[in-house]
Amino acid sequence: MIFKIARSPKGGQVTHYDEYEVSVTKGMTILDVLFIIQDDVDPSLSFRYSCRGAVCGSCAMLIDREPRLACRTQALMIKQSSLNLKAFPAIENKQTGQAQNPMVLIEPLPNMRVLKDLLVDMTPFHQSFESMKLWVDPTEGNTPRTQTPEELSRYERYVNCISCGICHGSCPVSSYHHEYIGPAPLAKAWRFYEDSRVTNRERYLEAAKQSNGAPMCELVMNCVKSCPKDVAPGGAIRRIKDTG
Ligand code: SF4
Ligand code: FES
């Protein structure tokens, strides 16, 4: 298979694309392909990874114009699968776009500054969690804070977020409005708001409803379709909006 990879040796804009032919066998992921290219052909190719098992969230990138985890994307399957995302300039609807091209395009995650090749700057993404104070405030004493299975079920899916940034990269609102907080921090805010053990729940809702938060979301739901952990941030954002 031919892989066409976006290159940005000094960061900023993509300057060119390099093409590499890699012999792909069943079970190989896009991350495996990148390792082969880096090991055997071009050691200067830069990309981020850690766990190789869809746990750390490091390897998010644009694969055939769809945001995916490289370690979880089978190279042989990429032409047959589609996330059916709403298109915007950085990404395509696979039914009409890149799927027809025999080459596999690999590019950095959209809506983030490129540091080098497939590496993007995640700092603003992580700073949103910081600025919204998305953690539990310590309380006095050691009283156990138990909860029922029903209470747990209200926020359990949001706990699965691995902070990969794919939802941010798939969001047309994030593309047009750089000040938008984005889907992942809003889902996390709802996670704490729904946790019966948290004492000052309202502060998470207030943070989520700030002007560059949930009010900016247009409920496109690309985040729901692309999230590799089934977190469905768009559902959380809809609930935040429904609180009035
Ligand atoms: S909500 Fe999903 S897509 Fe967004 S950062 Fe978390 S795991 Fe990644
Ligand atoms: S390398 Fe950790 S999620 Fe892909």
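I began at strand E5, where Glu107 is the bridge partner of Leu62. The model is predicted, so I kept in mind that local features need pLDDT of at least 70, that side-chain atom pairs count only at pLDDT 80 or more, and that totals for chains, interfaces and linings use all residues. Residues are numbered from 1 along each chain as its sequence is written, while chains are lettered from A and ligands numbered from 1 in the order in which they are written.

**Entry 1: the sheet.** I take helices (H or I, at least four residues) and strands (E, at least two) as DSSP runs, numbered from the N terminus. Two strands pair if DSSP finds at least two bridges between them. I looked up the strand order and found an open sheet of 5 strands, E2-E1-E5-E3-E4, with mixed pairing. Strand E2 (16–21) and strand E4 (66–69) are the edges, each pairing on one side only. Neighbouring strands are turned by 30 degrees against each other on average, direction ignored; the axes here are lines fitted to C-alpha atoms, for helices over the stretch in contact, with angles from 0 to 180 degrees between N-to-C directions.

**Entry 2: strand pairs.** I went through the pairs in turn. Strand E1 (residues 2–7) runs antiparallel to E2 and is joined to E2 by 6 bridges; Arg7 stands opposite His16 there. E1 runs parallel to strand E5 (residues 104–107), with 3 bridges, and Ile5 has Ile106 as its partner in E5. Strand E3 (residues 60–63) pairs with E5 in the antiparallel sense over 2 bridges. On that side, Ile63 stands opposite Ile106.

**Entry 3: E3 and its hairpin.** E3 and E4 pair in the antiparallel sense over 4 bridges, with Leu62 opposite Pro67. The two strands form a hairpin with 2 residues between them, and Asp64 in the turn has a positive phi of about 50 degrees. I checked the side-chain directions in E3: Ala60 and Leu62 point one way, Met61 and Ile63 the other way, and all are buried. Buried means 20 or more other C-beta atoms within 10 Å of the residue's own, exposed 12 or fewer, partly exposed in between, with C-beta atoms placed from the backbone.

**Entry 4: Ala70.** Is Ala70 buried or exposed? Ala70 counts as buried because 25 C-beta neighbours lie inside 10 Å. I placed Ala70 in the loop between E4 and E5. Leaving out residues up to four places away in sequence, Ala70 touches residues including Thr29, Tyr49, Met61 and Ile63; contact requires C-beta atoms, placed from the backbone, within 7 Å. Ser58 is 12 residues from Ala70 in sequence and 9.1 Å away in space, C-alpha to C-alpha.

**Entry 5: helix H10.** In H10 (residues 233–242) I found Pro233, Gly234, Ala236, Ile237 and Ile240 buried. They lie on the same side of H10 because they cover an arc of only 155 degrees around the axis, the arc being that of the directions from the helix axis to the C-beta atoms. They pack against helices H4 (156–159), H5 (166–169), H7 (183–193), H8 (202–208) and H9 (222–226). Just after H10, Gly244 takes a positive phi of about 90 degrees.

**Entry 6: ligand 1.** I counted residues as near when the C-beta atom, placed from the backbone, lies within 6 Å. 15 residues surround ligand 1, the closest being Cys161, Cys164, Cys167, Cys227 and Val231. H5 and H7 are the elements that give two or more residues to the shell. H7 supplies the largest share, 3 residues.

Note on methods
Two residues are in contact if their C-beta atoms, placed from the backbone, lie within 7 Å.
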